[in-house]
Amino acid sequence: MIPALRVRQLFHALEECQDADALHTVVDPWLDEHADAVREALAPLATFGGWTRTAYEFGDPLETAYSLSRVSDALIYKLQPLLQSSETPWAHRLHEPERWPQATPDQYLAVFARLGMTPIGDVAFEPFFHEVVHVAQTESPGTPVEITGTVWPGLMLGEMLFSRTGVTVCAGASDLVAGIADLSPLHDVFMRRYRETSDGSMGWGSNSQWRTDFRRDYVTDASFHFAVDEEPDSDQDILGEPRGLTPAERSDLVRYRCLTRPLQDPDAWQDACPGGRLTVRRI
C-alpha cells in the first residue's frame, strides 16, 4: 500500500477511536508497521529544491505530506483554546472534532520524531515558524511582536516547515490587530479548534479531498521560501481582475496564512486568500 493511503487510514482510525489512550492503542502500532515507509516517502521533500513534481502520480510526496498534516492537526487539536465564534467551521461540521484524542506536546513530538521530524524549538517570533493563536494588544501601535506563550510545538522536516508552533503574543496594532491576526480564517490549514480554516480539500468528495497538495515552505541560510509550488504572484486574480490587496497585504497573507490587520480596501476582505510563491530574505 502506498504511504499516503497508510497515513489516511491512521487519520480515520483516530477519528473513529473512542479509546482515551489512542496514542498507545492506535498510533504506536501504526508507527511500528508504517513509520519507515512514510519517512522514506517524505524524505525527498526535506531539502529546498530537492524534489519537483514532473508528472502527477497518485499518493506522491505532496499528497503524503498533506495526509500526515491532517493527523498532526488531529493530535494538536485539544491543545488549543475552544472556538469563540457562533459559526461552526467547515472541518468541524465534517469530522466531529471533539472526538480527537488528547495528546501532550511531548507525545506529539515523539510521534513525529519517528517520521524524521525535529522540533522548531525556542526562536524569536517569525511568521514562518509561528502561528498566532491569541494577540494581547499593547497600547503602543509600534510595539514589536513578542511571544508570551507556546500552545503547541512546531516541526521541521529538514529545511521544510511541516507545522508551525502555535503561540500567544503581545503586539502593537501596526503589526498585528487582535481579533484579526488571531481569529480571521486560516489558509492552507485543514483544522483548528479555535478558528475557521481553509485548504484545497474544501468542497471535494471523500476520496478527491485527499488529492490535496501540502503547501511547502522552506528556510535556508539566506531566505524564507513560501509556497514554492505556486506560480509567481501578480496584481490580478485568475480572471484578470485587480486583486484589491496592496503588495504588503499580499505578502503578509502568504507569510501568516491569514489577514493580520484591516485591509486598505475593505471590499477585498471576503475574497482575500494567499496566492503565489514568495521569497523573503532573512535578516
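## The chain as a whole

The protein chain exposes about 13,600 Å², and 51% of it is supplied by carbon and sulfur atoms (Shrake-Rupley areas with a 1.4 Å probe). Please keep in mind that this is a predicted model, where local features need pLDDT of at least 70, side-chain atom pairs count only at pLDDT 80 or more, and totals for chains, interfaces and linings use all residues. Residues are numbered from 1 along each chain as its sequence is written, and side-chain values use heavy atoms, with hydrogens and water left out.

The protein chain holds 6 helices and 11 strands; these are DSSP runs numbered from the N terminus, helices being H or I with at least four residues and strands E with at least two. A compact globule of 283 residues would have a radius of gyration near 19 Å, and the 18 Å of the protein chain agrees with that (taken over C-alpha atoms; the rule is 2.2 Å times the number of residues to the power 0.38). Of the 283 residues, 51% are buried, meaning under 20% relative accessible area with a 1.4 Å probe, protein chains only.

## Enclosed space

Searching the whole structure turns up 2 cavities of 30 Å³ or more. A cavity is a set of points, on a 1 Å grid over the protein atoms alone, where a 1.4 Å probe fits but cannot get out; lining residues have an atom within 4 Å of a point. A volume is the space filled by probe spheres set on the points, which are joined across faces, edges and corners.

The largest cavity has about 60 Å³ of space, and its lining includes Glu249, Cys258 and Arg261. The second largest cavity has about 50 Å³ and is lined by Ala4, Leu5, Arg8, Phe58, Gly59, Glu63, Ser67 and Trp210. Helix 1 (3-16) and helix 3 (61-76) are the elements that give two or more residues to this lining, with the largest share, 3 residues, coming from helix 1.

## An open pocket

A pocket is an open set with protein on both sides within 12 Å along at least five of seven lines. The second largest pocket has a volume of about 310 Å³. Its lining counts 14 residues, and Phe125, Glu126, Pro127, Arg255 and Ile283 are the closest to its centre. Helix 6 (247-256) and strand 11 (278-281) each supply at least two lining residues; the largest share, 3 residues, is from helix 6.

Technical notes
Buried means under 20% relative accessible area, exposed over 50%, partly exposed in between (1.4 Å probe, protein chains only).
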